[in-house]
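Student: I have a model open and would like to learn how to read its features one by one. Could you walk me through it?

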Amino acid sequence: VFWNFPDARKETEWTRRNVLSYPDLTGENLEEPAMESANDEIAFMYGEGTKMRQDTVLLKTREAGEKLAVSFALAKSSLLSVYEWDLEQAIERNSGIPEELARTGKIHMTTPEISKEIGSIFLIKHSINLDSNL
């Protein structure tokens, strides 16, 4: 979560130069579509209470703690978007299997391919469970 970037291009440049260039600190590398699914541009203003409406965050104070609290909420929302994207990809990859099984009585995948796909689905489930405070 970044605050006060003048435009998306500068934010992207800064992120690539100062965050993504340190893979040992940033954790798992995400595919570009997964990152896009988690990217939201939200304006912020100061007003009479802390709330969020129509892609605008209204902050009551100029204190860093308030921005930090909003940042944590937005970061969790982005993480949830990444999990949703991962699940959508798994569903898309496997959506034809039940129909094929009903039609032919067989699955076109080999046993190792089936095992890998099951493992991939368990990894997604495990990641979500590790972050169960969503």
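**Reading the sheet, the helices and the salt bridges**

Tutor: Gladly. Let's start with the sheet: three strands make up an open, mixed sheet, and their order is β1-β3-β2. Keep in mind as we go that this is a predicted model.

Student: Which strands stand at the edges of the sheet?

Tutor: An edge strand has a single partner, so one of its sides has no neighbour in the sheet; here that describes β1 (43-46) and β2. From one strand to the next, the twist averages 25°.

Student: In which sense do β1 and β3 pair, and over how many bridges?

Tutor: β1 and β3 are paired in the parallel sense, over four bridges. To find your place in that pairing, look for Ala43, which stands opposite Thr56 in β3.

Student: And in which sense do β2 and β3 pair?

Tutor: That pairing is antiparallel and has three bridges. Arg53 stands opposite Thr56 of β3.

Student: How many residues lie between the strands in the hairpin of β2 and β3?

Tutor: There are two residues between the strands of that hairpin. Backbone angles are worth checking at such a place. Most residues other than glycine have a negative phi. Gln54, in the loop between β2 (51-53) and β3 (56-59), has a positive phi of about 45° although it is not a glycine. Asp55 belongs to the loop between β2 and β3 as well, and its phi is also positive, at about 60°, although Asp55 is not a glycine.

Student: Is Gln54 buried or exposed?

Tutor: Exposed: its relative accessible area is 78%, and the cut-off for that class is over 50%.

Student: What does Phe44 touch, if I leave out residues up to four places away in sequence?

Tutor: Phe44, a residue of strand β1, touches Trp3, Asn4, Thr56, Val57, Leu59 and Lys67 on that count. The C-alpha atoms of Phe44 and Leu58 are 5.7 Å apart, although 14 residues separate the two along the chain. Phe44 counts as partly exposed because its relative accessibility is 23%, where buried would require under 20%.

Student: Which strands does α4 lie across?

Tutor: Helix α4 lies across β1, β2 and β3, and it runs at about 150° to β3.

Student: At what angle do α4 and α6 pack?

Tutor: The angle between α4 and α6 is about 160°, and their axes are 11 Å apart. The two helices are therefore roughly antiparallel to each other, as angles over 145 degrees count that way. In handedness, α4 passes α6 in a left-handed crossing.

Student: Which residues meet where α4 and α6 pack?

Tutor: From α4 you will find Tyr83, Asp86, Leu87, Ala90, Arg93 and Asn94; they meet Glu117, Ser120, Ile121, Ile124, Ser127 and Ile128 of α6. Let's hold on to Arg93 and Glu117, which lead us to the next feature.

Student: How many salt bridges does the structure hold?

Tutor: Two. The general idea is that side chains of opposite charge can pair when their charged atoms come close. In one case, Glu117 forms a salt bridge with Arg93, and the closest N and O atoms are 2.6 Å apart. Glu117 lies in helix α6 (residues 111-130) and Arg93 in helix α4 (residues 64-94), so this pair ties together parts that are 24 residues apart in sequence.

Student: Is Glu117 buried or exposed?

Tutor: Buried, because its relative accessibility is 13%. Leaving aside neighbours within four places in sequence, Glu117 is in contact with Arg93, Asn94 and Met109.

Student: With which residue does Arg9 form a salt bridge?

Tutor: With Glu13; the closest N and O atoms of that pair are 2.7 Å apart. Both residues belong to helix α1 (residues 8-18), where Arg9 and Glu13 are four residues apart, about one turn of the helix. Glu13 counts as partly exposed because its relative accessibility is 39%.

Key. Residues numbered from 1 in each chain as written. Predicted model: local features only at pLDDT ≥ 70, side-chain atom pairs only at ≥ 80, totals over all residues. Heavy atoms only, no water. Salt bridge = Lys/Arg side-chain N within 4 Å of Asp/Glu carboxyl O. Buried < 20%, exposed > 50% of the residue type's maximum accessible area, 1.4 Å probe, protein only. Contact = heavy atoms within 4.5 Å. Pairing = 2+ DSSP bridges. Axes fitted to C-alpha atoms, helices over the stretch in contact; angles between N-to-C directions. Parallel < 35°, antiparallel > 145°, perpendicular 65-115°, else oblique. Left-handed = near helix turned anticlockwise from the far one by under 90°.
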